[in-house]
Structures are given as C-alpha cells and as structure tokens.
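Please find below some notes on the model shown here. They are set out as numbered points and can be read alongside the sequence and the structure.

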Amino acid sequence: MAVSSSVGSAKSLACFHISRLAPQRTVCSRLPSIRMCASLAAPSELKKTVWVWTENRRVMTAAVERGWSTFLFGSKELSEDWSSTARIHPLFIDGLEILDEGNQKVAAISVISSPSELQLIQPENMELQNTVIDFQGDWQVIPAENIVAAFQGCTGTVLAVSKNSTEAQVFLEALEQGLDGVVLKVEDMDDIIKLKDYFDRRNEAKSQLQLTKATVSKVEVVGMGDRVCVDLCSIMRPGEGLLVGSYARGMFLVHSECLETSYIASRPFRVNAGPVHAYVTVPGDKTSYLSELRSGREVIVVDQNGLWRTLIVGRVKIESRPLILVEAKENSGSGTYSIFLQNAETVALITPDKGSGGRTAIPVTSLKVGDEVLVRKQGAARHTGIEIQEFIVEK
C-alpha cells in the first residue's frame with residue numbers, strides 16, 4: 001500500500017466531515033476545502049476528515065451521492081472528465097505532495113516503514129501542518145496511538161492511509177480520540193458504505209432521541225421466564241441504559257447495574273434487560289429481539305436526556321428467572337406500553353431528570369403505580385427490525 005513518489009495512474013480522493021467529541025485538539029487552517037473547521041462546531045467537537053483514494057468511477061459516484069465533493073487526482077485530464085459528471089472540488093497529488101488548483105502545497109505524504117521513521121513524525125519536524133501517513137507492513141495500532149499522543153494539543157492535521165473501512169476505524173479510534181482523519185484507499189464501494197454507516201452510528205450531532213414521560217399504571221408479579229442479561233464491552237454511567245419493550249411502539253429505558261447496592265457489587269457493563277421476546281434498540285433506527293443479540297453486535301445506550309452512543313455486546317446471558325410485568329401510560333398521550341423484567345433489586349427503570357425525589361432510577365422491586373419513568377415512542381410495525389408502514393395490532 002505504499003504511496004509511490006511518482007504517480008503513474010490517476011488517483012482520487014473524496015472528503016467527508018463529521019462531528020465527534022474529542023478534547024484538546026485544534027485544527028489546521030492551511031488546508032482549504034478539506035480542513036476540519038472547529039469553528040462550526042461546539043468547542044469540544046472536532047470534524048473528522050475522510051479522503052477516499054481510488055481509480056474506480058463507481059467509488060467516486062458513491063462518494064458524490066453521499067455528499068463528498070473534494071477529490072484528489074493524479075492528472076488534470078481525469079479531473080476534467082469527472083467534473084463533467086459531478087460538481088467537485090479538485091486537488092492533485094504530485095509525488096509525495098498534495099496540491100491545490102493554484103499549485104500550492106497543502107499536505108505532505110510520509111511513508112513510514114520503521115520505528116525510527118515514525119519518530120520523525122513530530123509537530124516540530126513537520127514541513128507542513130497537514131500530513132498523510134502511509135504505514136507500511138501490518139503494524140498500525142501502536143504507531144497510530146503514538147501519533148495521537150505526539151500531536152495532542154497541536155495544530156497539525158494528521159491522516160493515515162487505510163486499505164479498508166475496518167482499518168480506518170482503528171485509526172479513527174486510536175487512544176479514543178483518534179487521528180484527525182483517514183485516507184481510505186479502496187476500489188470497492190462497499191468500504192465507502194461501511195465507513196459512512198460507521199460515522200452515522202457515531203455522529204454526535206444526531207445523537208439525541210426524544211424520550212417521553214410515562215406513569216406506571218400496573219405492576220404485577222407473574223411467573224418464570226427466560227431473561228437476558230446484556231454485558232457490554234464498555235462502562236455505562238448512572239442514568240444510562242438500553243431501550244427495551246414488549247412492543248416496538250414503546251420502549252422503556254432500562255438502567256444498567258452501575259449503581260451500588262447492599263446486595264451485589266456494581267456491574268456497570270451490564271443491563272438486565274428483559275425476557276427473550278422483548279425488543280431492544282440497535283443502530284440504524286432498528287430493533288432486535290434480545291434473544292438475537294450475540295457477542296460483537298452493537299446496541300444503542302441512551303441516557304436520561306436522550307443522548308445516545310453505540311456500544312458493543314461482549315456477552316449475553318439467558319437464564320430462567322421470576323418476572324414482573326410493568327405497564328405505563330404516556331403522560332401527554334393515550335399510549336400504553338408494557339415490559340417484563342426480572343423480579344430483582346438490581347433491575348431498574350430510568351426516571352425523568354426532574355422530580356422522582358432526585359432518583360436516577362427506580363428498582364422494579366420498589367416500583368408502584370403512579371411512579372414516572374422514561375419511554376421512547378416509535379413506529380409499531382416492524383419487519384426484520386426495520387420500521388415499516390402497515391396496519392398492525394399488538395396486545
């Protein structure tokens with residue numbers, strides 16, 4: 001995947017910006033249309049940059065259809081050809097330099113094949129503030145982390161060349177903060193689609209869901225059932241949980257086991273979510289049955305304010321336990337929703353921010369008629385977890 005010092009064939013890149021919470025990084029002002037403009041976002045946000053490097057017109061078309069309009073070419077001819085089919089902003093690659101239309105150098109390419117070469121990638125050693133790094137060989141994660149650490153708090157913009165969408169995610173998540181962006185060098189449009197999906201799932205600008213207050217109308221001890229504990233690969237905070245419900249039209253916010261109790265140690269990675277038949281919200285505005293979750297799947301974790309993030313399932317435990325049926329009616333409408341939960345002190349529903357005696361959550365063993373909880377209203381009809389428009393009755 002080396003970047004040759006002489007470009008014999010036309011190459012192209014597409015640029016994409018996305019907001020992401022990341023502390024202490026400023027951005028470079030010397031990269032015109034492809035720079036990451038922090039001024040457009042909140043002070044703690046950054047714009048991640050993705051360039052797509054390809055010779056495939058279908059890849060270019062897929063990028064344009066997704067609103068990515070900045071391309072880099074190896075020849076003026078290809079730039080003119082592609083400009084005839086789409087409105088684009090051309091940049092050009094010349095050996096190990098990236099030039100704009102005025103032939104001004106806006107970025108340099110660094111080929112790294114050894115630790116000693118990696119050590120040269122330091123802010124004080126950079127000719128330009130914008131650098132594209134091409135890591136040779138299989139080693140990527142630790143070098144990417146070293147780069148993130150070295151440039152923290154600096155104005156340099158650093159991107160890494162990636163051979164596929166999975167590799168790009170590694171660079172974007174290094175030391176949690178990630179590099180400023182990636183250069184996705186692919187010939188398959190599926191990699192563009194997968195990386196775009198990855199960004200969509202983590203786009204903090206779209207991460208607030210509308211939650212509704214509902215009043216508990218029924219609490220009933222029922223029989224035994226197979227309940228599902230969802231253990232995640234990340235720690236959840238107080239006020240966070242999974243959206244779970246017996247019906248897709250109304251999902252309860254079930255709290256994690258992050259709170260300390262006198263009965264059992266805190267397990268902030270776990271949500272005792274409900275029985276196997278229940279729906280749980282997953283990325284892509286979809287639902288899944290709890291029984292369908294597996295290691296490696298992703299779920300949506302939501303807090304009291306509706307802010308959500310995507311986390312990975314590490315393990316699922318299904319065991320037979322006594323259940324409680326909870327029903328609640330929305331305060332501002334006529335909807336009635338229900339959920340089954342294990343009859344245990346560590347299982348709780350999340351309450352609204354205000355009221356509830358300052359409580360974050362109410363254990364189901366203490367739940368009573370008249371208590372307020374949070375639910376998420378959504379379309380009832382689902383096909384393989386995808387919301388559809390059709391007549392449906394659930395009871």
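**Notes on the predicted model**

1. Tyr279 is buried, at a relative accessible area of 12%; buried means under 20% relative accessible area, exposed over 50%, and partly exposed in between, with a 1.4 Å probe and protein chains only. Tyr289, by contrast, has 35% relative accessibility and counts as partly exposed. This is a predicted model, in which local features need pLDDT of at least 70 and side-chain atom pairs count only at pLDDT 80 or more, while totals for chains, interfaces and linings use all residues. Residues are numbered from 1 along each chain as its sequence is written, and side-chain values use heavy atoms, with hydrogens and water left out.

2. Aromatic pairs come next. Rings of Phe, Tyr and Trp (its six-membered ring) pair if their centres lie within 6.5 Å; planes under 30 degrees apart count as stacked, over 60 as edge-to-face and the rest as tilted. The count by this rule is three aromatic pairs. One of them joins Tyr198 and Phe199: the ring centres are 5.6 Å apart and the planes stand at 55 degrees, so the pair is tilted. Both Tyr198 and Phe199 are buried. Tyr279 and Tyr289 form a stacked pair, with 5.1 Å centre to centre and 20 degrees between the planes. Tyr279 belongs to strand β14 (residues 279-282) and Tyr289 to strand β15 (residues 286-289), so this pair ties together parts 10 residues apart in sequence. Helices (H or I, at least four residues) and strands (E, at least two) are DSSP runs, numbered from the N terminus.

3. Two lysines sit over rings. The criterion is that NZ of Lys or CZ of Arg is within 6 Å of the ring centre and within 35 degrees of the ring normal. Lys76 lies over the face of Phe92, 4.6 Å from the ring centre. Lys185 lies over the face of Trp53, at 4.7 Å from the ring centre.

4. Which residues of helix α5 are buried? In this helix (residues 165-173) they are Ser165, Glu167, Ala168, Phe171 and Leu172. They cover an arc of only 155 degrees around the axis, which puts them on the same side of α5; the arc is that of the directions from the helix axis to the C-beta atoms. An α-helix has 3.6 residues a turn, so residues three or four places apart point the same way. At the N-terminal end, Asn164 caps α5, with a side-chain oxygen 3.2 Å from the backbone nitrogen of Thr166. Just after α5, Leu175 has a positive phi of about 55 degrees.

5. The structure holds 12 salt bridges, a salt bridge being a side-chain nitrogen of Lys or Arg within 4 Å of a carboxyl oxygen of Asp or Glu. In one of them Lys163 meets Glu167, the closest N and O atoms being 3.0 Å apart. Lys163 is partly exposed at 39% relative accessibility, whereas Glu167 is buried at 9%.

6. Arg227 is buried at 5% relative accessibility; Glu319 is partly exposed at 25%. Asp231 counts as buried at 2% relative accessibility and Arg315 as partly exposed at 41%. Salt bridges that share partners join Arg227, Glu319 and Arg321 into one network.

7. Strand β17 also pairs with β18. Two strands pair if DSSP finds at least two bridges between them; here seven bridges join β17 to β18, and the strands run antiparallel. A hairpin of five residues joins β17 to β18. The bridge partner of Leu325 is Phe340 in β18. Five of the seven residues of β18 (residues 336-342) are buried, so this strand is largely enclosed by the rest of the structure.

8. How many residues of strand β7 (residues 130-135) are buried? Six of its six residues are. Asn130, Val132 and Asp134 point one way, and Thr131, Ile133 and Phe135 the other way. In a regular strand the side chains alternate between the two faces of the sheet. Strand β6 (residues 105-112) pairs with β7 in the parallel sense over five bridges, and Ile109 stands opposite Val132 in β7. Four bridges join β7 to strand β8 (residues 157-162), also parallel; here Ile133 stands opposite Ala160 in β8.

Notes:
A polar contact is a pair of N or O atoms within 3.5 Å; within protein, one must be able to donate a hydrogen and the other to accept it, and residues adjacent in sequence count only if both atoms are side-chain atoms.
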